[in-house]
Amino acid sequence: MSRIGKKPVDLPKGVTATISGQRIEMKGPKGTRTFTATDDIDLILEDGSVLVKPRGSSKRARQQWGMARSMVANLATGVSTGFKKDLELVGVGYRAAMQGSDLKLSLGYSHDVIFTVPAGVTVTSPKPTEVIVEGIDEQQVGQVAANIRGWRPPEPYKGKGIRYKDEYIFRKEGKKK
């Protein structure tokens, strides 16, 4: 039995869900998202919550059960409150600034890095050493944040680089004389 799959997904205020076959569509204040479940899963809408049930006791149905419930819960969270990743730039001269719809990063290279922000994601830089990535699709927000971080991942000796706000960098001791 899936512990996650058994829980119903409660719909937040202002969010409506419509189910047609294996496809669920959620509309909320932030936008509209859809998810198509596999044939091993049943989606049931009853009084303000969505239930996810397996169609049998096969291994594949049990595997898809918890995953489908998590995807439906992420749809509800995305269209109501959205997802957010905070990045911070640590290092001398490391800066970020918005340049129209692009993010301009100064990361110690001989040139500035221009990161084009994909559609569906909002990137802001309230301070020169801070970047905020927001959107309604959790996977896309995480991927954009990882792509930005990939330009200069944090290194363990001085701690310089682009890191997530809550990330801990294990520091190493330098060379001994």
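**Notes on a predicted model**

1. Start with Arg69. Arg69 sits in helix 2, which spans residues 59-80. The model is a predicted one, and every point below should be read that way.

2. What does the Arg69 side chain reach instead? The backbone oxygen of Pro8, at 3.4 Å. Leaving out residues up to four places away in sequence, Arg69 touches Ile4, Gly5, Lys7, Pro8, Val9 and Val52.

3. Val9 has Val50 of strand 6 as its bridge partner. Strand 1 and strand 6 run antiparallel and are joined by two bridges. The sheet is open, has three strands in the order 1-6-5, and pairs in the antiparallel sense. Strand 1 (9-10) and strand 5 are the edge strands; each has a single partner, so one side of each has no neighbour in the sheet.

4. Look at the loop between strand 5 (41-46) and strand 6 (49-54), where Asp47 is placed. Asp47 has a positive phi, near 30°, although Asp47 is not glycine. Most residues other than glycine have a negative phi. Is Asp47 buried or exposed? Asp47 is exposed, because its relative accessible area is 76% and the cut-off is over 50%.

5. Now the hairpin. Strand 8 (residues 95-99) pairs with strand 9 over five bridges, in the antiparallel sense. Two residues lie between strand 8 and strand 9 in this hairpin. Gly100, in the turn, has a positive phi of about 70°.

6. Leu105 belongs to strand 9. Ala96 has Leu105 as its bridge partner. Leu105 counts as buried because its relative accessibility is 0%. Beyond its neighbours within four places in sequence, Leu105 is in contact with Leu89, Arg95, Ala96, Asp112, Val113, Ile148 and Trp151.

7. Which residues of the largest nonpolar core touch the most other members? They are Val131, Val133 and Ile148, in a core of 21 residues. Several elements each supply at least two residues, among them strand 7 (83-90), strand 12 (130-135) and helix 3 (138-149). Helix 3 gives the largest share, four residues. A second core is separate: it has 19 residues, including Ala17, Leu43, Leu75 and Val79. In soluble globular proteins, nonpolar side chains tend to be buried together.

8. Setting aside neighbours within four places in sequence, its contacts include Leu87, Leu103, Val123 and Ile148. Lys85 and Asp86 are also among the contacts of Val131.

9. How many salt bridges does the structure hold? There are eight. One joins Asp112 to Lys104, with the closest N and O atoms 3.4 Å apart. Asp112 is partly exposed, at 36% relative accessibility. Lys104 is partly exposed too, at 27%.

10. Arg149 and Glu167 form another salt bridge, at 2.7 Å from N to O. This pair links distant parts of the chain, 18 residues apart: Arg149 is in helix 3, and Glu167 is in the segment after strand 13. Glu167 counts as partly exposed because its relative accessible area is 24%.

11. Two further cases close the list. Lys176 and Glu173 meet in a salt bridge at 2.3 Å, N to O, and both residues are exposed. Lys127, Glu130 and Lys165 are linked in a network of salt bridges.

Conventions: Residues are numbered from 1 along each chain as its sequence is written. This is a predicted model: local features need pLDDT of at least 70, side-chain atom pairs count only at pLDDT 80 or more; totals for chains, interfaces and linings use all residues. Side-chain values use heavy atoms; hydrogens and water are left out. A polar contact is a pair of N or O atoms within 3.5 Å; within protein, one must be able to donate a hydrogen and the other to accept it, and residues adjacent in sequence count only if both atoms are side-chain atoms. Contact means heavy atoms within 4.5 Å. A nonpolar core is a set of buried Ala, Val, Leu, Ile, Met, Phe, Trp, Tyr and Cys residues joined through side-chain atoms within 4.5 Å. Buried means under 20% relative accessible area, exposed over 50%, partly exposed in between (1.4 Å probe, protein chains only). Two strands pair if DSSP finds at least two bridges between them. A salt bridge is a side-chain nitrogen of Lys or Arg within 4 Å of a carboxyl oxygen of Asp or Glu.
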